[in-house]
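Hello,

Here is the structure you are picking up. My notes on it follow below.

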Amino acid sequence: MSFKRPLIVKRHTALQPYLSTLHEMEVCVDNLAHLRDSVHLWLLEHDPVITYGAMTDVSRDLVDAKVPCIPTNRGGKATYHGPGQRVAYVIMPLDEVDLRGYVNQLEAWVIQTLATFAITAFRHRAGNGIWVADSKGGNQNIAKIAAVGVRVRSRIAYHGVSLNVCPDLAVYKQFYPCGLLQPVTSMQALGVSPEMVEVDKALQHNLKDLFQLR
């Protein structure tokens with residue numbers, strides 16, 4: 001997909017509540033559905049929360065959760081958001097509604113961004129999202145470092161990706177992330193500890209490059 005639209009970036013430095021952010025995204029989608037003139041990238045960290053889609057088995061996946069759990073309208077199952085995790089919401093008109101292709105592009109975006117920090121990441125048949133080799137072993141010797149969740153409304157894609165930079169990984173033991181048994185890791189756990197602003201610069205640069213944005 002190629003878009004010759006300007007990229008509008010909004011970066012928050014304070015923790016953001018999930019529900020008010022979701023409402024703001026819905027408003028942005030409504031506006032963009034009429035104009036279709038730009039792509040929006042929101043970079044932020046949320047207050048600690050587990051969000052889950054309609055396919056989540058709540059009685060299994062969230063039974064031990066100690067942080068607030070909120071249903072959401074994106075695709076995917078349960079995932080955690082909190083301090084140390086860079087959430088990157090992309091609100092983008094789709095000229096052709098090809099959800100699988102778009103998700104592949106988002107995954108490529110994160111893989112390219114992690115390569116900036118000398119982290120080799122990849123897709124895996126275990127599930128959507130971005131994976132790395134797990135140096136501590138674990139199930140199949142892989143670990144998930146980023147999740148992807150997307151919804152399309154009025155041919156506008158929104159939600160996006162969450163990349164673990166330096167979150168408290170212990171929270172992931174309270175539930176089944178994305179309904180999977182594989183471990184979850186972070187850039188910090190892999191020995192890479194960039195400032196969040198460095199991650200943001202790489203995400204912004206690579207999004208513009210991948211989608212040919214102005």
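Strand 8 and strand 9 (residues 142-153) run antiparallel and pair over 4 bridges. Strands pair here if DSSP finds at least two bridges between them. Helices (H or I, at least four residues) and strands (E, at least two) are DSSP runs, numbered from the N terminus. V132 has A143 as its bridge partner in strand 9.

Strand 8 (residues 127-133) is also joined to strand 7 (residues 122-124), by 2 bridges and again antiparallel. Those two strands form a hairpin, with 2 residues between them. F122 stands opposite W131 of strand 8.

Two notes on the source. This is a predicted model, in which local features need pLDDT of at least 70 and side-chain atom pairs count only at pLDDT 80 or more, while totals for chains, interfaces and linings use all residues. Residues are numbered from 1 along each chain as its sequence is written, and side-chain values use heavy atoms, with hydrogens and water left out.

Next, the cores. In soluble globular proteins, nonpolar side chains tend to be buried together. A nonpolar core here is a set of buried Ala, Val, Leu, Ile, Met, Phe, Trp, Tyr and Cys residues joined through side-chain atoms within 4.5 Å. Buried means under 20% relative accessible area, exposed over 50%, and partly exposed in between (1.4 Å probe, protein chains only).

The largest core has 38 residues, and V90, Y102, W109, L114, L163 and M187 touch the most other members. Strand 2 (39-44), strand 6 (85-93), helix 3 (99-116), strand 8, strand 9, strand 10 (156-164) and helix 4 (196-211) each supply at least two residues of this core. A second, separate core has 15 residues, including C28, L32, L44 and V49.

What does L163 touch, leaving aside its neighbours within four places in sequence? Its contacts (heavy atoms within 4.5 Å) are Q85, R86, V110, L114, I145, A146, M187 and V199.

Now the cavity. A cavity is a set of points, on a 1 Å grid over the protein atoms alone, where a 1.4 Å probe fits but cannot get out; lining residues have an atom within 4 Å of a point. Grid points are joined across faces, edges and corners, and a volume is the space filled by probe spheres set on the points. The count is 1 cavity of 30 Å³ or more. The largest cavity has a volume of about 80 Å³.

Its lining includes Q85, I145 and A146, which are also among the contacts of L163. Strand 9 gives the largest share of the lining, 4 residues. Strand 9 and strand 10 each supply at least two. By class, the lining has 7 nonpolar, 4 polar and 1 charged residues. Ala, Val, Leu, Ile, Met, Phe, Trp, Tyr, Cys and Pro count as nonpolar, Asp, Glu, Lys and Arg as charged, and the others, Gly among them, as polar.

R36 is not a glycine, yet has a positive phi of about 50°. R36 is in the loop between helix 1 (18-35) and strand 2. R36 is buried, at 19% relative accessible area.

Q212 is not a glycine either, and has a positive phi of about 55°. Q212 lies in the segment after helix 4. Q212 is partly exposed, at 45% relative accessibility.

G179 sits in the loop between strand 10 and helix 4. Is G179 buried or exposed? G179 counts as buried, because its relative accessibility is 17%. Leaving aside neighbours within four places in sequence, G179 is in contact with R60, D61 and K77.

Best wishes

Methods
On a 1 Å grid over the protein atoms alone, a cavity is a set of points where a 1.4 Å probe fits but cannot get out, and a pocket is an open set with protein on both sides within 12 Å along at least five of seven lines; lining residues have an atom within 4 Å of a point.
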